[in-house]
Amino acid sequence: MRLQTRSVLLVGLLFSGVFIFFALELWSILPFSDDKKEVNPSPLDDNLVEVAVKAETPLAKKRDTKCLMHSCFDVFRCAVNENKLISVYVYPYTRFLDENGHAVNQEMSQEFYELLAAIVNSKYYTSDMNSACIIIPSIDTLNQNGLDVKGIARILSGLPSWKDGGKNHLLFNMLPGSPPDYNSSLDIATDKAIVAGGGFAIWSFRPGYDISIPVYNALTRKKGHSSTKRLIDWRFVSSQANMNHRFMRELEDVEKENSGFLILKHCPDDVNNVNKRCKGAVTYDYPDILQHAEFCLVIRGVRLGQSTLLDALMMGCIPVIVSDDYVLPFSDVLDWKRAAVHVAEKKIKRIPAILKEIPERQVTDMRRQGKWFWDRYFSSMGKIALATLRVLNDRVYHYSAWQYEDWNAPFFSSKETATSHLVPPLFFPLRPYNSQGFTAVVLCYDRVDTMFKVITKIADTPSLTKIVVVWNNVKKAPPSAAKWPQLTKPVKVVRTKENKLSNRFYPYNEVETEAILAIDDDILMLTPDELEFGFQAWREFPDRLVGFPGRVHTNQNSSSQFKYESEWTNNVSMVLTGCAFHHKYFSHLFTYMMPSYIRDWVDKHMNCEDIAMNFMVTNYTGKAPIKVTPRKRFRCPECVTESLWADPSHFVERSECLNEFVRAYGHMPLKTVEFRADPLLFGEKLPDRVKLYKDIGSI
């Protein structure tokens, strides 16, 4: 087969040693699972086929802007199989000729060849077009510049599989539109075909149908991450030169008023050199300059999709995206808030203030997340292709679709987390097995006497299987084994390396049950009957926090500020984890998925870990917590006086936590409900012998 040296970039690139280079690149395409498919004989490498396009062949119809998966996609073509994988057919590489013998479709670019080759050599590929769920024409539409729009529309219409308007067909495009309009979608009549496009705007994107992909920069892929330690010389770097003049003027004003900001342009003596940028007489190598900055600008140009986004991720720089209407790559599955900063176009001059508000730990997390996005989804055309197919696979097989953490968690497959056996809340059993019981995790610093009383009392709970004491005092050893009370349930002591409140939610290997009772070392008022009932209530609601002390947040006078309340009301939006049941999966999420700067806030202030857990669970599941038993105020005359709750400033700090977490999440996820779970016959004046739970505290 012959390849044309046409790149998907605005500037062309000549490749040497095309086939040798491709063979090396193919080995770098990582699969999305451990299941590998034998390499098929590639239809791309067959002898070039030439087909005449008949002049009487009608053009494909214009793009159906109202397409949805249920209206324009035939799911019945996707056979149910044990692997739960879509089957994808790729047309052999064909040259289509008009009546004069001239080629209608341009020869295939290196980038498109790599994309198709990755699909052909993947677990999705089938050589049988009639059994395929997805069909991909081998017509290179990555770059619309120079394409025969009408000719390709006629080619598509004439394909044997295009009889029903292009249903189940997939087309790839990275640079849509052409001068002078530069539309944000492919200017080709694609009828009902799915378009994986790199420049979609919110008005041209068909949510749940089209797929937004990135603009891949073949000119910089050989650069990669620097092998040396990143030296941060600049807080913010702007390297794009194809932006609106108004944007450039505003950025130059920002540069004058803020140190650490570098605004670059094309070099005046070498405008066409895409690997150079200039600031006055100083020349910088591109994209190398990006690795010397913490934040890098990605701004709307003549096209919405910019290759600078991937360049920044590749070089370990956090993208600052200034493009109001741009649909980010794979935005329906990737959480870009974890890896990039979004700034409205009208707020360019506020960029310094916005960046200043980002905690240093969050900067570290965002850089790590961006690096992971690049390595996993964007570092080659093959990975972009396979990520696209994975999105389609999830749409077809909903019940086996990847979850949020599969797409967004860099640690999810890490051996050290020991979480491969965990399942997300969607797949929790409707009612976990009673025989499994629960593990009590008791956080303790040095209140040994009260901790001994707590574990002695809770040990009588029938469903308790183990007690794990998290010893948070790094300067003092826990009591010797001889001093511990003799209990009927096993006790395991875990010593922490730092005194942190978040240690109570670490996913310890010692916890072998699905249910965890988080309990403080001074909770003496609860009875075994109350704890047993709480566990049975949790079994009915395993995807929620189920606890005893209830609290509520308020928002008075339509203010943007929230207040933490513990008044005697029936409204509940939080249950305190000083005594609450939760699924061990949420310990995993709290430790590894929740933004680390929230945990840092908790540990720095030694407060609010329970509010953080409530935020995380409700935000993740969309469900309010469950309060059990009638104790409303949850006052404890036996509790120690040095408790944080006794401090008058405690509620002020808790309100501050609420507002800080709202800022971190971007909204208030907590849900207020009027619901309490009480045991059957609790309020009835009946003999204890007819009640299952006899020792339940009064209001």
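Tutor: What follows starts with the hairpin and then turns to the loops. The model is predicted, so local features need pLDDT of at least 70 and side-chain atom pairs count only at pLDDT 80 or more, while totals for chains, interfaces and linings use all residues. Residues are numbered from 1 along each chain as its sequence is written, and side-chain values use heavy atoms, with hydrogens and water left out.

Strands β10 (residues 276-279) and β11 (residues 282-285) run antiparallel and are joined by 4 bridges; two strands pair if DSSP finds at least two bridges between them. Helices (H or I, at least four residues) and strands (E, at least two) are DSSP runs, numbered from the N terminus. Within this pair, Cys-278 stands opposite Thr-283 of β11. The two strands β10 and β11 make a hairpin with 2 residues between them, and Gly-280 in the turn has a positive phi of about 65°.

The loop between β11 and β12 (293-299) holds Pro-287, and the peptide bond from Tyr-286 to Pro-287 is cis, with omega near 10°. Another cis peptide bond joins Pro-179 and Pro-180, with omega about 5°; Pro-180 lies in the loop between β5 (170-173) and β6 (194-197).

Phe-330, not a glycine, has a positive phi of about 50° and is in the loop between β13 (318-322) and β14 (341-342). Phe-330 counts as buried because its relative accessibility is 0%; buried means under 20% relative accessible area, exposed over 50%, and partly exposed in between (1.4 Å probe, protein chains only). Met-606, also not a glycine, has a positive phi of about 50°. Met-606 sits in the loop between α14 (596-605) and α15 (609-621) and is partly exposed, at 29% relative accessible area.
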